[in-house]
Amino acid sequence: MSEQFEPVIVGFLCNWCSYRAADLAGTARIKYAPSLRPIRVMCSGRVDPQFVLKAFINGADGVLIAGCHPGECHYLNGNIKTLRRFLLLKNTLSQWGIEDERVQLQWASASEGIILAERVNKMTEEIRALGPLRWYDKVLGGNGAVPIPVKEK
Amino acid sequence: MNDTKSPPTPKEKVGVYICHCGTNIAKVVDVVEVAKWAEKNPHVEISRENKFMCSSLGQELIEQDIKEKGLTRIVVASCSPHMHERTFRTATENGGLNPFLFEMANIREHDSWTTDDEEAATQKAKALVNGAIERVVHHQPLEHIPVEINPNTLIVGGGIAGITAALELADGGNQVYLVEKQPSIGGHMAQLDKTFPTLDCSACILTPKMSDVGNHPNIELMTYSEVESVDGFIGNFDVTVRKKTSSVNEKCTACSDCEEICPVIVSSEFDVGMGTRTAIYRPFPQAIPNTYTLSRTTDDSQCVAGCPIHQNAHGYISLIAEGKYEEAVKLIVEDNPLPGICGRACAHPCEDVCDRGKVDEPISIAFLKRFAMDKVGDYELLRPEKERKERVGIVGSGPSGLACAYDLRKNGYQVKIFEALPAAGGMLAVGIPEYRLQSAQLKKEIGKIKDIGVDIQLNTKVGEDITLEELEKQYDAVYIATGAHEERKIGIPGEDLAGVLSGIKFLRDVRLGNKVKLGDNVIVVGGGDSAIDTARTAKRLGVKNVTMVYRRSRKEMPADFDEIEEALQEGINIEFLTNPVEVKGKKTVEEVTLQRMELGTPDESGRRRPIPIEGSEFDVPCDNIIITIGQRPDIGSLKLKTKDWGGVEVDEVTLQTSKKKVFAGGDCVVGPDTIVGAMALGKTAAESIHRMFEKLDMYAGREKEGAYLSNIEVDISGREKAPRARIPTIPAKERSSFKEVNLGFTEEAAQQEANRCLHCSICCDCHLCTTVCEPDAIDYSMEDEIVDIDVGNIIIATGYELFDTRQIPQYGYGRLDNVFTSLEFERMVNASGPTEGKIVLRDFESAPESVAIVHCVGSRDENYHKYCSQVCCMYSLKFAHLVHERLPDAQVYNCYIDMRTPGKGYEEFYDRLLKEGTHFIRGKVAEVTDSARTQEEEGKLIVQVEDTLIGRQRRVPVDMVILSPAMEAQPDSKETSQLFKMGCDFDGFFIEKHPKLDPIATMTEGVFLAGACQGPKDVPDSVAQGAAAASRVASLISRGTVMMEPIRASIDAEACSGCKICNTMCPYNAIEFIEEDGVSHVITALCQGCGTCVAACPSGVITGAHFTNDQLISQIEGLLWDMRELEAVPAGKEEKR
Ligand code: FES
């Protein structure tokens, strides 16, 4: 069996909808790609773009941000701000040559375990097709791009 | 505290505990390996694995290690934090650490349960554990925030679950607000007859509880109300409730006098269409609160909205249906000073929009008005309550002038009308032929207007006999409604020859008795109402051949459909798609050249444009040509500003002309229009003049003057067709005279026709009820009330809806008369129901000899609902029992998929039915049909079902079929869940906090669930959940405070640059800007801890407690422990993982 590339995806899941969706996917024993490594945040609005960059720098092949459906955010409209940041971030990343598929946004309510699982599967396949990210090569490598200063501890 | 400044923490001692969760985790994840591996992390002091970390042994292990090994941080890798975070925090605290120095890794729901790949699962578990370890070393001790609990509780939904919860809490001395959408509490249980398996009378056990609620000093009942918005959090919710107006105030004594007089009969929601109710009603006799509700909609019925003068057609139709003709006439003349005339000659735009037209044909609204007026004969217009001194002069006595005069006079103004012609009525007198509107009728109605004090001066042409300026001097306001009495010309050669007549002048001459001479062959050009009037008048004057020439086809012809029909019957020839191009003759007309047309693309009017066909011209000999292609006003002598085509220029809303005191309306402003259109402008002018005198705003709130489309929608499903009554006419033979052609309805026909009304707006605004209400409790002016309430907790008990069995057409509901739904049957067997407890077929007479009961309709069905509705088997058995009891000779068949009777006494009840002789057929019903294959099936409903116990298809002929539909979530459950921020599942049922361990609470603290809104449930389960929710709330109330998670944001004031970006981020306005310091500040009491501001702060100086940048970034690093080597991989080389 030839070694297949197994992507690693960091998932930011909001506590109220999408983290529970992932819980539900598990409770319902829905099988999906083991590529997702979830981090719980209270609201998708907490996802600072620098977290996404940090994940890429540290070797993640993709980042999935998941939150409640618009209108259902536990904090009224945090997810709307997420959406705005997400669009801006994607724009920036694509200018560095980072493919759109690597950072994705999914709305999933607490009952939508299946939707979240399917998204993880789809995203995994998309990234598998793209191959590893190679941040240091792509962003910091030969093309003269300047590394983004990331706030270190 | 600034994230970036938190000290490095190398000296933390972390204890790691990996849980097997029996085999739930250990089966897939190599827990021993993970534990061993974790130990290598420099932060880790000790790493263990354990069968069940959540057991007391597991927890004690943590406590012991903290004490003995001096641990400073704890990580448990097990299930979801939503499951056991609290358990382990407590253990951490018991060991002597701050509970927030703990972190959980979810390796069950997020890992072992999602994959069978052991290697990958173990790798992922390591990542999750490592993330938690790296995170936890940055944790800081935090204290819970105490929040005071407001002891008041909101309960939404007044079914049995809500009632139970309300009484439990109120009996404990707590204040409860119970909000119910319907006018009465009771919910579905109030509709049931008996409850299974004890066969208690449902009402008998429910109504005492209902009245307890009604009388309880601690319960504020808000029926006919809905929650509009919810703000705040556990302990302090801010709720706004809309109390819809019932138009009945607290003086109501429930005497039912109003119900007896109300003319509107609609089907009763409570009796699920098996019975009827009136517009003012009480859902059922034991209703709580015991008061009446007037069903009114937010807008008028389409007929009323679509009528330019908003004649209350719905009202008089309802009254006619009930034989209340006098009342109908009173109602009609409130809006309309020309009632009999409109009943005859109105273009009735109301009928075009009548919703009955969606079922079959519109109601014959105009002729019903005529019927009422003719039937009653005499009437009186409204007289002013007090006289006013202002004088208004009206120019023109047509419908517009008369309508304006009536409205002004009603208000007490002094009105005088000036008429140029020797007869009053404008076009009514000289434009509509006698056979359509008898002079006597007109005279009578104008007489009625004069009776109330309107003065009419004939033979006075303003502009010639008296100038407008003089009028302006003599009167405080002037309304110009001179109409459009000048025929337009076609513009073809020969149009000026003798024998070419103007239609409008022709009609006028005939009406006024002037001599008109016509030859044997007359051609009428045009296709409107006046073309038809002209043609039919010519015929009546003895002309042999009358031919109408119209340039479009019959479909586009604007004239009234019935009148075209009548004209054809009278022998008038109509040439469609034909247009005159030249009139020929020496001195007088000899022949006319006509040209054929074809239809092209539609023009602005939406009708297809006629295009001449080249070379299709042909000559027709004729003696006269009468042109009726449209009229225009003749107002040159008034010296007012006009538009290009000759109409007076006015303000579109107020109808004010270029002169402030002068208003204008009717045909002289808009061109030839209908009678009612002209009247509407008269009314608008009257309103403007009134506002001017009273110095009111001339524009405010006038959107609904004139015809508009109402926003109400009426459900026409299941309405039976009943064609519109035709108006009888005199035979075509007798139509050589000017006798009235239409005869009017008989009383029977009128009532039948009126009964076709759908009562779109339910209440018809006839106000009859107010005339009989002794305590004066009915108040049409009442408006919805918005009430703000403050509560600490909320219980949602909004119940369920029944599956609409029409969705399964093969079961025949709505198509086959004797297919009933369960709720219909419940109402039927109920002694106080529509059949007083008799089991009968849809004819309400014959008893069935055989009954089939179909289980699982819409439940356990991939196409509808996958779930089992839990109660259907039991109530289907109850139905079988009730049939046996009431009709001992009847055969009963229960067709079931599986018999589900799990409950106390349920299986015993099933056993009882087996003994009572019910036929049980195990199999899903395929179809219910009325097409018989054998003699025996003739006239029966045949239930086609596969009997899976004998392995055979069966056809069971029965008289009655009862469908047992699924329980489903309320159609608006999604909106409800958003309102209370709790989430609902795919089926629309609300999601509980935990399906096993906490079916009462929701994800939102302080919001609890009770009853079938959480999932299908029977009465005892709903009661249990209602009581449970109440006790949860009661315990919170008695505790007085809850401890909230200390997850809050804070701003480092020293480092804040004062950019204010965070101020706009906060959904709760919890961040304020302190001007004097130039920095932003978080108001902790308002902050809910979402962290959006933390993510947005460009200087990174906002800290989100327990979700700091440090913690999350370290977690990311830890999570990706196995990826770090990538940094070193040179470009192009394949890396290995
Ligand atoms: S809480 Fe889920 S997105 Fe805000």
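How many salt bridges are there between chain A and chain B? The count is 5, and the close-ups below start there; keep in mind that this is a predicted model.

**View 1. Where chain A meets chain B.** Here 62 residues of chain A are in contact with 66 residues of chain B. Together the two chains bury about 5,600 Å² between them, and 58% of that is on carbon and sulfur atoms. Between the chains there are also 21 residue pairs in polar contact, both residues at pLDDT 80 or more. On the chain A side, β1 (9-14), α1 (18-27), β2 (36-41), α2 (49-57), α3 (78-95) and α5 (135-138) each supply at least two of the residues that touch chain B.

View 2. In another, the side chains of E1117(B) and K54(A) meet at 2.7 Å, N to O. This second pair runs from helix α34 (residues 1109-1119) of chain B to helix α2 of chain A. With a relative accessible area of 12%, E1117(B) is buried, and K54(A) counts as buried too, at 3% relative accessibility.

**View 3. Salt bridges inside chain B.** Elsewhere, R436(B), D533(B), R536(B), R540(B), E563(B), E566(B) and E570(B) are tied into a network of salt bridges.

**View 4. An open, parallel sheet in chain B.** Look for 5 strands in the order β10-β7-β6-β34-β45, paired in parallel. At the edges stand β10 (219-222) and β45 (1007-1009); each has a single partner strand, so one side of each has no neighbour in the sheet. Ignoring direction, neighbouring strands are turned by 20° against each other on average. Further in, 4 bridges join β6 (residues 153-156) to β34 (residues 793-796); among them, T153(B) has N793(B) as its bridge partner.

**View 5. F100(B) and its surroundings.** You'll find F100(B) in the loop between α3 (81-94) and β4 (102-106) of chain B. At 0% relative accessibility, F100(B) counts as buried. Leaving aside residues up to four places away in sequence, the residues F100(B) touches include R89(B), H139(B), L142(B), P1046(B) and H1106(B).

Technical notes: Residues are numbered from 1 along each chain as its sequence is written. Chains are lettered from A and ligands numbered from 1 in the order in which they are written. This is a predicted model: local features need pLDDT of at least 70, side-chain atom pairs count only at pLDDT 80 or more; totals for chains, interfaces and linings use all residues. Side-chain values use heavy atoms; hydrogens and water are left out. Two strands pair if DSSP finds at least two bridges between them. Axes are lines fitted to C-alpha atoms, for helices over the stretch in contact, and angles run from 0 to 180 degrees between N-to-C directions. Buried means under 20% relative accessible area, exposed over 50%, partly exposed in between (1.4 Å probe, protein chains only). Contact means heavy atoms within 4.5 Å. Buried area is the accessible area (1.4 Å probe) that two parts lose on being put together, summed over both. A salt bridge is a side-chain nitrogen of Lys or Arg within 4 Å of a carboxyl oxygen of Asp or Glu. A polar contact is a pair of N or O atoms within 3.5 Å; within protein, one must be able to donate a hydrogen and the other to accept it, and residues adjacent in sequence count only if both atoms are side-chain atoms.
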